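Student: Hi! Could you walk me through this structure?
Tutor: Happy to. Here it is.
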Amino acid sequence: MDGAPIEDGFPAVKLFNQGYSYTYDDVIFHPGYIDFPADAVQLGTKLSRNVHLSIPCVASPMDTVTESAMAVAMATVGGVGIIHSNNSAAEQAALVRSAKSRRVPFVSDPVVKSAFDSVDSVSDFGSAPYVLVTESGTAKSKMLGVVLRSDWEKLSDKGVKVCEYMVSSPESVPASYDFEQVAGYLAAKKLSFVPLVRDDEVVDVVTTADVERIRGFPKLGMPSLDAKGEFLVGAAIGTRESDKERLEHLVKAGANVIVLDSSQGNSIYQIEMTKYAKKMFPEVDVIGGNVVTIRQAQNLIQAGVDGLRVGMGSGSICTTQEVCAVGRGQATAVYKVSSIAERSGVPVIADGGISNSGHIVKALTLGASTVMMGSFLAGSSEAPGAYENKNGLKIKKYRGMGSLEAMTKGSDARYLGDTAKLKIAQGVVGAVADKGSVLKFIPYTMQAVKQGFQDLGASSLQSAHDLLRSELRLEVRRTISHYHSVLFTWIICWIFLQYMMYQ
């Protein structure tokens with residue numbers, strides 16, 4: 001019929017109410033109208049009701065992803081890291097304090113000895129040109145001096161105590177100095193390194209090589225800082241009675257936000273822990289989850305959470321959907337939960353399923369305020385663990401917190417299985433190739449996200465959310481041909497592997 005309207009895509013409210021559960025790869029957005037440059041896109045957002053970030057990126061509380069080095073790097077680029085709880089309360093609190101005690105964008109591990117120790121081998125220096133000397137022989141004590149590698153090499157008796165030839169009272173700077181202040185001090189004093197000190201304790205050491213390395217990365221943007229000028233750092237806890245003591249340790253250590261870490265957050269345990277945390281520490285935001293439905297979200301919002309973590313079985317190493325037959329496609333989950341959470345002013349973290357910048361654009365446009373990343377950050381320089389070489393490739397271990405390996409360290413409480421006689425895995429163990437530093441690839445990723453927003457015609461996250469509820473149109477792209485393309489890809493990979501095996 002002439003003049004009849006021609007449908008061109010679907011509004012989100014129609015697409016996500018047809019009884020299908022969509023992943024990020026299942027849906028595609030239609031482009032909008034561009035009247036601004038990509039660099040004009042503003043990615044500032046909220047992690048929770050009261051915690052603001054410069055970029056919408058959150059490092060997942062996994063023991064192969066986020067410890068102090070990752071938390072520092074993420075805060076440096078404007079995001080935040082949530083330090084995992086697969087350790088003792090004291091160990092986790094120490095990681096929080098370590099991250100919050102510095103303003104430089106990395107964590108090194110300087111060699112420290114006491115004044116009565118000796119340097120027995122050149123290997124004691126590692127790759128550094130120095131060994132620090134403190135009262136107790138650990139970083140948690142007063143610095144007395146420094147042993148220079150060049151001085152040690154001149155010794156005829158290498159077994160002599162370091163107090164006999166160390167350089168006493170070396171130059172140092174406050175740990176509150178940011179990167180540019182430290183770099184300026186090194187240049188002005190013509191030093192090759194300088195210790196960072198806080199309350200007479202050594203926090204870290206910065207070398208001229210560190211300065212050159214950091215300046216080789218994209219220009220650092222606006223860091224995530226709290227009211228005291230310290231890096232924003234989050235920490236995860238469980239919902240057991242013992243986690244109340246852990247919570248107290250973390251708040252005393254300076255954690256800015258607490259994430260209740262559970263694979264299924266809609267439980268009496270999490271509701272009671274939320275109420276307890278908000279009563280005891282009302283100044284600290286509490287993020288609940290994980291949830292994927294409106295009903296789950298409503299229960300936690302009513303309990304008082306300041307943010308919601310969305311996702312169940314959508315991570316690359318998570319098998320909850322296969323093992324337990326529960327969960328939801330991540331695109332549908334983010335859209336549904338965000339729609340109800342927005343009415344209460346509760347920000348949503350899209351947790352899981354992020355493997356490229358396009359997924360980030362989709363998660364944010366569908367209503368999330370931030371994205372939580374695990375595999376995306378695993379394998380980076382800042383991720384815990386040492387690199388291994390396998391077939392000429394540098395790799396790091398990456399495991400799901402529902403894997404049996406992680407459960408043996410305590411993560412089974414996350415799956416309400418810590419009291420069960422039999423442990424049922426809801427995750428696997430794998431490896432991720434070396435990705436370099438977060439300080440390099442996150443800025444590039446954010447630039448790609450800005451270009452995605454520009455194509456949508458959204459100049460900010462709020463603008464994208466407004467478009468979602470108005471003129472933005474979507475379509476489903478998962479068809480039979482899609483499955484054929486996946487099958488074709490697997491066939492090609494199999495042929496390639498067979499070829500390599502017989503070379």
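Student: What do the buried residues of H5 pack against?
Tutor: They pack against strand E10 (173-174), strand E11 (193-198), strand E12 (201-207) and helix H6 (208-215). Contact means heavy atoms within 4.5 Å, and buried means under 20% relative accessible area, exposed over 50%, partly exposed in between (1.4 Å probe, protein chains only). Helices (H or I, at least four residues) and strands (E, at least two) are DSSP runs, numbered from the N terminus. This is a predicted model, where local features need pLDDT of at least 70, side-chain atom pairs count only at pLDDT 80 or more, and totals for chains, interfaces and linings use all residues. Residues are numbered from 1 along each chain as its sequence is written, and side-chain values use heavy atoms, with hydrogens and water left out.
Student: Which residues of H5 are buried?
Tutor: In helix H5 (residues 179-189), they are Phe179, Val182, Ala183, Tyr185 and Leu186. Seen down the axis of H5, these fall within an arc of 160 degrees (taken from the directions from the helix axis to the C-beta atoms), so they line one face of the helix.
Student: And which exposed residues are on the face turned away?
Tutor: Ala187 and Ala188.
Student: New topic: is Asn256 buried or exposed?
Tutor: Asn256 is buried, with a relative accessible area of 18%. You'll find Asn256 in the loop between helix H7 (242-253) and strand E14 (257-260).
Student: Which residue's side chain does the side chain of Asn256 make a polar contact with?
Tutor: That of Asp226, at 3.3 Å. A polar contact is a pair of N or O atoms within 3.5 Å; within protein, one must be able to donate a hydrogen and the other to accept it, and residues adjacent in sequence count only if both atoms are side-chain atoms.
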